[in-house]
Amino acid sequence: MTIQRTDQVVKTTVRPTVVIQSVLFTVLLLVIAAYLLLPFVWGVITSFKPASAIFEGPAKMMAAPWTLDNYAQVFAYPGFYKGLLNSTIVSLGAVLLSLVVGVFAAYALGKYKFYGKTVIMYVILAVSMFPQIAVLSGLYTMIQQAKLYDNPLGLIFSYLIFTIPFSVWVLTSFVREIPNELEEAAMMDGATPLQTLIQVILPVMGPALVTTGLLAFINAWNEYLFALTFMSQNRTIPVVIANYSGSSQYETPWANIMAASILVTVPLIVLVLIFQKNIVSGLTSGAVKG
Amino acid sequence: MTKSQPALQRRKPGGVLAVRARTAVWFLVPALLIIVLVAGYPLFKTISYSFTNASLVDPSIAENIGIGNYWYKTDDGQIGGILVDPKWWQSVGNTVLFAVASVFLEFVFGLGIAYVLNMKFPGQSLMRTAMLVPWAIPTVVSAQMWYFMYNDTFGLIGQGMGAGAVLADSSKVIWAIIAVDVWKTTPFMALLLLAGMQGISADIYEAANVDGASKWTQFWRITLPLLKPTAMIALIFRTLDALRVFDVMAVMLGTNKAAETSMTAFARRSMIDYQNLGEGSGVSVLIFLIILAITILYVTTLRVRFD
């Protein structure tokens, strides 16, 4: 025993390769962290620098004093509030609808055996991987005919094309994990499928609903193609950021764009950090477990 | 009682459970109905428009022109249509290059990062958190951040690192955008691969250690083969996603240049900016077919299973 222990001490203290290895490993970790964070950190720094210093290159920009002016300007820009409001309405609307519809579908797909179930699962998966451009012209004329152009309702409707298949797919994988005993007990008591769903399944689905809803919300919040095509005055946040126009027509207002970008991204990052575990499990169950 | 039982079962095959299943299947109706309405019907309309000369101004007065949007021959022998349009094929070529290159690089980087994060070290959870940052940023926002960094007179990469006007250089622009996409989606790939790695039992590695297999051998002989199912699905998802690229190109290149490098931007310009609903729908149908073909190829040759 004693011999073995001294042996180990000698190993860790004397071997230089171990030291080199751990230094290299730390450097590797730092490189990865820098790669993942630098573009975002650069955006944050830019957003706190005077608009004029930004056009003088990275070195002079870093040396310039810090300021909150850019944020003040973004908050004074009415288009930004409108964008936030529209994005919130559209994303929440699409997500809530998808969760309601998705819970019912997921219960049927996750707990019952019936003919054609596999086909339905594949159709739902196919729609979620579908190129959105393939429906753009059809959806555009449908939305025009329904007089919903530039109306958040029209955009909510169009977002269901990705939020519903996603919600059904992820919720189904969660429903499958719920132990059958719970359901069987309800059946013994003579509960109908609807009663079982509402009184037995739904109460244990809280985390699943949070995860699915959050991921679907992020997808809807970030959507650009439909938002750009189906709205003109009622822009959502990605369209506002992409077409941010400052006081001058000829100079891109980078300082303001960065401040606005940080403002719309920070809430997402906070949400993601709070629900980190749910998100990772949701992403992996949505994509890997299938 | 016992005698009437078989008769009852014949009327309702499967008994009580099947009856309940039939009720529960009705729960699927709202979701399927909405999918038909928001995906099936518009797809059908897009396909129908692609055989007409419909204009965005008033789609109701369209004339049927058969396959005229795809291919036509005039009386004096001139050939035209999307299928012989070199600009369209240029856009397809660039999109495929973008998809193949960015998915390949994402996979290599993602695998590396997942492998590192799968080790035990102080600050491990902090690193996993940092990984979620690029993923959480809206694509339009990350495109703007990189667009700013690429600026050749004051950007961090364009001026600070001396890369120059990469977005104006036709040989570099696609790689500049691939770099943005790789940065944005590597974390997603790494997350999926990390989850796959954590699913591999530690016993296998212990056995390999006992047998004296090196870390390198273990990675190629154990980690990669066992990761294959996860990796395949991640690759399919990312490839299909990359083939429909639009946001990053539209923001960094503008409508016209984006149409040279993104199939989706090409279709949208024809449909919305040129108001040529029929032709734009034709382009959309071709995109749909290209992506369908690639999906079938992937799923059949690699025998991927989703359940």
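**Interface and charged network of the predicted model**

The contact (heavy atoms within 4.5 Å) takes 94 residues from chain A and 86 residues from chain B. The structure is a predicted model, in which local features need pLDDT of at least 70 and side-chain atom pairs count only at pLDDT 80 or more, while totals for chains, interfaces and linings use all residues. Residues are numbered from 1 along each chain as its sequence is written, and side-chain values use heavy atoms, with hydrogens and water left out.

About 7,900 Å² is buried between chain A and chain B, with carbon and sulfur atoms giving 81% of that area; buried area here is the accessible area (1.4 Å probe) that two parts lose on being put together, summed over both. Between these chains the count is 0 salt bridges, a salt bridge being a side-chain nitrogen of Lys or Arg within 4 Å of a carboxyl oxygen of Asp or Glu.

Over all chains, the search finds 5 salt bridges. One of them joins B:R238 and B:E106 at 2.8 Å, N to O. B:R238 lies in helix 10 (residues 215-243) and B:E106 in helix 4 (residues 86-117) of chain B, so this pair ties together parts that are 132 residues apart in sequence; helices are DSSP runs of H or I, at least four residues, numbered from the N terminus. B:R238 also forms a salt bridge with B:D181, the closest N and O atoms being 3.2 Å apart. B:D181 sits in helix 8 (residues 173-198), 57 residues from B:R238. Both B:R238 and B:D181 are buried, that is, under 20% relative accessible area (1.4 Å probe, protein chains only). Through shared partners, salt bridges join B:E106, B:D181, B:R238, B:D241 and B:R244 into one network.

Definitions and conventions: Chains lettered and ligands numbered in written order. Helix = DSSP H or I, 4+ residues; strand = E, 2+ residues; numbered from the N terminus. Buried < 20%, exposed > 50% of the residue type's maximum accessible area, 1.4 Å probe, protein only.
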